[in-house]
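Have the sequence and the 3D view open, and try each task before you read its solution.

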Protein chains: 2
Amino acid sequence: MTQGSIIDTLAFRAGEIILYPGSPGPRDRIYRVESGLVRIQSVDDDGNALTLRFVRPGEYFGEEALSGGERRYHAEAAADTRIAQIHPERMDPQETLNLAVRLALALGQTYDAIQRLVSQRLKNRIAAALLEFMDTPLAVHDTKGRVMIHVTHDEIASAVGSVRETVTKVVGELARDGLIKSGYGRVMLLDIEALGELARQNG
Amino acid sequence: MTQGSIIDTLAFRAGEIILYPGSPGPRDRIYRVESGLVRIQSVDDDGNALTLRFVRPGEYFGEEALSGGERRYHAEAAADTRIAQIHPERMDPQETLNLAVRLALALGQTYDAIQRLVSQRLKNRIAAALLEFMDTPLAVHDTKGRVMIHVTHDEIASAVGSVRETVTKVVGELARDGLIKSGYGRVMLLDIEALGELARQNG
């Protein structure tokens, strides 16, 4: 990996906003997540948050610095996060190719998100979202094969395109079914296989 | 624009399938639309089609040839279309950068699609979809400033993540409101300003 295009690396604490909506200016950069997790999220006029994508280590965001399109999202550190600031005009061919590959993968992720929103019920989407958190810093694996996800019902609602009240109801159903155990600001995954089955189901 | 990576250009008639779902193999290419329009669409087990993205001239599809991700969509010529086949390993730096810019724009389009699905009612999404067709080969502009879109209710349903029966009902409402006139396989846009207002509204 080339270092020539990297201007700086920056650290953010969980919950800090990295990028605000707006038009990218000449000082805008492309960002690569080095460690942690970044949530790409829009907020509507009523204050409802919607997660558009999670950005994991090795992946990029702020790609509108390249295309010039308006940024209509916030980028927020979902966990303690380090990012590299990349000068879009100083990328060498290898880094440009790497960026294109990662954007292609991100596009595939948003295709999946669109399909889930159209074809899956909320319960199935919540199961999928919880499993997606498993390989992020929000997850803590214990010695009994259980996984604790540090996530609020608001954050789950943002991830699945719903609101907290409705998510709380469905999280309760999943808990009664024995698939999860829900606590304050966290969800314990008890039956990962059953959650995986739900995540794959349509209708 | 470099020609070195272009293997061939191919012509497809409206309705022909260009790419099927599956894992990209070593013979898979990246495709750039030269003229026409390509619909990126998934089809669920019940046969319901869902448009994930439209690809216009200058834009690319088949980007999973680069990333190696599984292709879970069909690419279909939505109008008579010419595409250039591009060898992913023979792109020069300028073409790679161009691809990254276009993928960044495509990602922004899918962000918009996710937001519409979560926050807009069907009527607003249909207005937005009809306006999106205006700058495609599916639209014919007449001398009175009206625009005829050659699109079926099935195709509108796919574009907005709904089913034909429901779309037919809402198209009827828009027609009664005087915003459009609906015929067999086509929709005439009568009040583009009012459609634009609907397309911007949430809730």
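**Exercise 1. Find the volume of the second largest pocket, and say which residues are closest to its centre.**

*Step 1.* The second largest pocket has a volume of about 590 Å³. A pocket, on a 1 Å grid over the protein atoms alone, is an open set of points with protein on both sides within 12 Å along at least five of seven lines, and lining residues have an atom within 4 Å of a point. Grid points are joined across faces, edges and corners, and the volume is the space filled by probe spheres set on the points.

*Step 2.* There are 23 lining residues, and those closest to the centre are Gln115(A), Ser119(A), Asn202(A), Ser42(B) and Asp44(B).

*Step 3.* Before going on, a word on the model: it is predicted, local features need pLDDT of at least 70, side-chain atom pairs count only at pLDDT 80 or more, and totals for chains, interfaces and linings use all residues. Residues are numbered from 1 along each chain as its sequence is written, chains are lettered from A and ligands numbered from 1 in the order in which they are written, and side-chain values use heavy atoms, with hydrogens and water left out.

**Exercise 2. Work out which elements line the second largest pocket and what classes of residue are found there.**

*Step 1.* Helix 2 and helix 6 (192-200) of chain A, with strand 4 and strand 5 of chain B, each supply at least two lining residues. Helices (H or I, at least four residues) and strands (E, at least two) are DSSP runs, numbered from the N terminus.

*Step 2.* Helix 2 of chain A has the largest share of this lining, five residues.

*Step 3.* By class, the lining has seven nonpolar, 10 polar and six charged residues. Here Ala, Val, Leu, Ile, Met, Phe, Trp, Tyr, Cys and Pro count as nonpolar, Asp, Glu, Lys and Arg as charged, and the others, Gly among them, as polar.

**Exercise 3. Describe the contact between chain B and chain A.**

*Step 1.* Each chain is represented: 33 residues come from chain B and 33 residues from chain A, where contact means heavy atoms within 4.5 Å.

*Step 2.* About 3000 Å² is buried between the chains, and carbon and sulfur atoms give 76% of that. Buried area is the accessible area (1.4 Å probe) that two parts lose on being put together, summed over both. In chain B, Leu107(B), Tyr111(B) and Ile114(B) lose the most area to chain A, together 21% of what that side buries.

*Step 3.* Two salt bridges (a side-chain nitrogen of Lys or Arg within 4 Å of a carboxyl oxygen of Asp or Glu) are found across the interface. One of them joins Arg72(B) to Asp112(A), with the closest N and O atoms 2.6 Å apart.

*Step 4.* Strand 4 (38-43), strand 5 (49-55), helix 1 (64-67) and helix 2 (93-119) of chain B each supply at least two residues of the side that touches chain A. Helix 2 of chain B gives the most, with 19 residues.

Technical notes. 1 Å grid on protein atoms, 1.4 Å probe; cavity = no way out; pocket = protein on both sides within 12 Å on 5 of 7 lines; lining within 4 Å.
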